[in-house]
Amino acid sequence: MNKFQSQVSDADLRILRIYRTVVECGGFSAAEVELNISRAAISIAISDLETRLGFRLCQRGRSGFSLTNEGSQVYDYTLQLLSSIEDFRTNINALHQHLKGELNIGITDNLVTLPHTRITQTLAGLKDKGPQVAINIRMIPPTDVERGVLDGRLHIGIVPDLKILSGLDYHHLYEEESKLYCSNTHPLYTLDDSSISKNKLKEFDAVLPAYAQTPDIKAQHQPLTASATATDREGIAFLILTGRYIGFLPDHVADHWIRDGRMRAILPNECHYITQFSAITRKGARANLILETFLAELEKTQ
């Protein structure tokens with residue numbers, strides 16, 4: 001039986017990275033886009049890995065994709081191995097005081113239009129300090145960002161402060177204000193706020209977020225007639241722009257539609273809330289010169 005040798009080769013690491021991506025994407029088809037290789041090539045790599053290990057890693061076929069018990073353990077070991085390699089690279093960087101390696105950062109959707117450009121400025125500063133640093137950005141939901149930072153796949157994340165997790169350190173970034181909006185084709189658009197009551201809002205369909213919210217934010221959504229949901233703010237904007245729904249959006253997201261006359265805020269003095277955003281890092285993580293440089297640059301943007 002052909003198993004892993006005492007030394008792990010570059011080819012071994014490549015196959016393990018493919019396996020990690022397949023697991024995180026939930027199957028071969030979704031991993032094609034992420035890896036930019038064909039499903040046939042992915043299948044060959046996973047089959048080769050199974051042959052070398054001597055057991056089946058996953059079930060795939062018409063019934064869908066799922067990991068075997070051994071496959072789940074190998075995935076955990078793979079994360080540990082790849083994280084150790086990155087730690088080694090980071091430690092060598094520290095010896096030379098030379099920035100070279102990766103920064104893996106997870107960011108919640110639709111933040112690029114914020115008037116506060118702290119993240120943009122920080123990334124620019126990091127690139128200036130370390131031209132050879134590879135910056136990898138993943139735009140994913142807050143819970144996936146938190147999970148990625150906790151398990152070491154991400155060095156840092158940008159998330160709303162919906163809940164505080166004990167395994168994370170929080171670095172406050174800024175506040176984001178959201179208001180209730182309708183489009184210019186919605187019946188409420190031409191009405192003056194003085195003729196609109198919160199009770200009247202119940203007459204209209206509303207789109208609600210399908211992601212975690214603080215109790216205060218949930219209280220703002222509670223009076224609305226929920227008839228649609230969206231997993232991110234872009235999805236909420238899509239439905240508002242149909243003219244059939246009202247919904248909450250951050251001001252910076254809605255701003256260009258407001259300027260174009262395609263949206264307006266409804267009862268802005270009553271229907272609004274604030275969301276706090278933070279950069280998160282894992283507590284007790286090993287010293288990482290690239291991450292330390294990023295955080296130092298972040299402090300400069302205050």
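**Figure 1. The largest cavity of the predicted model has a volume of about 30 Å³.** The structure shown is a predicted model. The count comes to 1 cavity of 30 Å³ or more. Six names make up its lining: K198, L201, Q220, P223, L224 and C271 line the largest cavity.

**Figure 2. The lining of the largest cavity, viewed by residue class, has 4 nonpolar, 1 polar and 1 charged residues.**

**Figure 3. R89 lies in helix α4, which spans residues 69-96.** R89 has a relative accessibility of 33%. This residue is therefore classed as partly exposed, because that class lies between buried, under 20%, and exposed, over 50%.

**Figure 4. R89 touches K100, G101 and E102, when residues up to four places away in sequence are not counted.** R89 and K100 are 11 residues apart along the chain. The C-alpha atoms of R89 and K100 are separated by 8.1 Å.

**Figure 5. Confidence in the protein chain is lowest in α4 and highest in strand β10.** The mean pLDDT is 80 in α4, the helix that holds R89. In strand β10, residues 263-265, the mean is 97. For the protein chain, the mean pLDDT is 88, and 95% of the residues reach 70 or more. Where pLDDT is low, predicted coordinates should not be read in detail.

Conventions. Residues are numbered from 1 along each chain as its sequence is written. This is a predicted model: local features need pLDDT of at least 70, side-chain atom pairs count only at pLDDT 80 or more; totals for chains, interfaces and linings use all residues. Side-chain values use heavy atoms; hydrogens and water are left out. Helices (H or I, at least four residues) and strands (E, at least two) are DSSP runs, numbered from the N terminus. Buried means under 20% relative accessible area, exposed over 50%, partly exposed in between (1.4 Å probe, protein chains only). Contact means heavy atoms within 4.5 Å. On a 1 Å grid over the protein atoms alone, a cavity is a set of points where a 1.4 Å probe fits but cannot get out, and a pocket is an open set with protein on both sides within 12 Å along at least five of seven lines; lining residues have an atom within 4 Å of a point. Grid points are joined across faces, edges and corners, and a volume is the space filled by probe spheres set on the points. Ala, Val, Leu, Ile, Met, Phe, Trp, Tyr, Cys and Pro count as nonpolar, Asp, Glu, Lys and Arg as charged, and the others, Gly among them, as polar. pLDDT is the predictor's confidence in each residue, from 0 to 100.
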